Amino acid sequence: MRTVLYGGCLLLLMACSQHAVHTQYYQFPYPETLPEHSAPQSSSGRTLVLQSIQLAPFLQQRGIAFQHSATELTVARQHLWADDLATQLSRHLALNLDASGSGWQLQPQTNKTAMQLHIRLDRMVGTADGYALLSGEYRLSGPQHSARQPFLIRQPLANDGYPALVEAMALGWQQLSQDIAGLLTTMAEAE
């Protein structure tokens, strides 16, 4: 009888100490209105083929990463990307290039005469001092020119919390997209 009573009390204590784990999913914000296709189509020679977005191994997980110090990194368990990160980054690169008015169109298929883009993302993390940090390198190569460009983007958070972190990461990705469009335009003018 005592065993049943102790077992019941133990179960009651365990039930009281448990709290519900609430998982939240995040994605980059989409623009309120999508830009009209003011950019020329691929027949104008402004075609960009995204060959790959290579993510650091910790970025291949579903959790959003946070860097506590120069050596300590945590990948969240309850704050997750709603979609595969590389897919989301590719989609938003296309949106950002379209919105930039640079005339470059991101194409999924291989085209040997088009500019080729490879992106390596080493870090896309929140930092303890209130920034979203993106770093890595992108490489552009075309029939006549190629360029390799490292990047380090520190975007301040507007508020505390994961929603603000994701918004700052999206702004950092937008900045990288604009930098890529600028280099693409410079390379095209040099041809």
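## Close-ups around strand β6

**View 1. Strand β3 meets β6.** Strand β3 (residues 63-67) pairs with β6 in the parallel sense, over three bridges. Look for alanine 65 here: its bridge partner in β6 is valine 125. Keep in mind that this is a predicted model.

**View 2. Strand β2 alongside β6.** Here β6 (residues 115-127) runs parallel to β2 (residues 47-55), and seven bridges join the two. Glutamine 54 sits opposite arginine 120 of β6.

**View 3. The β6 and β7 hairpin.** These two strands run antiparallel, with 10 bridges joining β6 to β7 (residues 131-141). Glutamine 116 has serine 141 in β7 as its bridge partner. Three residues lie between the strands of the hairpin, and glycine 130 takes a positive phi near 90 degrees.

**View 4. A salt-bridge network.** Arg120, Asp122, Glu137 and Arg148 are all linked up by salt bridges. Arginine 120 and glutamate 137 meet at 3.5 Å, N to O. Glutamate 137 is buried at 16% relative accessible area, while arginine 120 is partly exposed at 31% and arginine 148 is exposed at 52%.

**View 5. Arginine 91 and aspartate 83.** The structure has five salt bridges, and this one puts the two side chains 2.6 Å apart, N to O. Arginine 91 is partly exposed, at 31% relative accessibility, and aspartate 83 is partly exposed at 27%.

Technical notes. Residues numbered from 1 in each chain as written. Predicted model: local features only at pLDDT ≥ 70, side-chain atom pairs only at ≥ 80, totals over all residues. Heavy atoms only, no water. Pairing = 2+ DSSP bridges. Helix = DSSP H or I, 4+ residues; strand = E, 2+ residues; numbered from the N terminus. Salt bridge = Lys/Arg side-chain N within 4 Å of Asp/Glu carboxyl O. Buried < 20%, exposed > 50% of the residue type's maximum accessible area, 1.4 Å probe, protein only.
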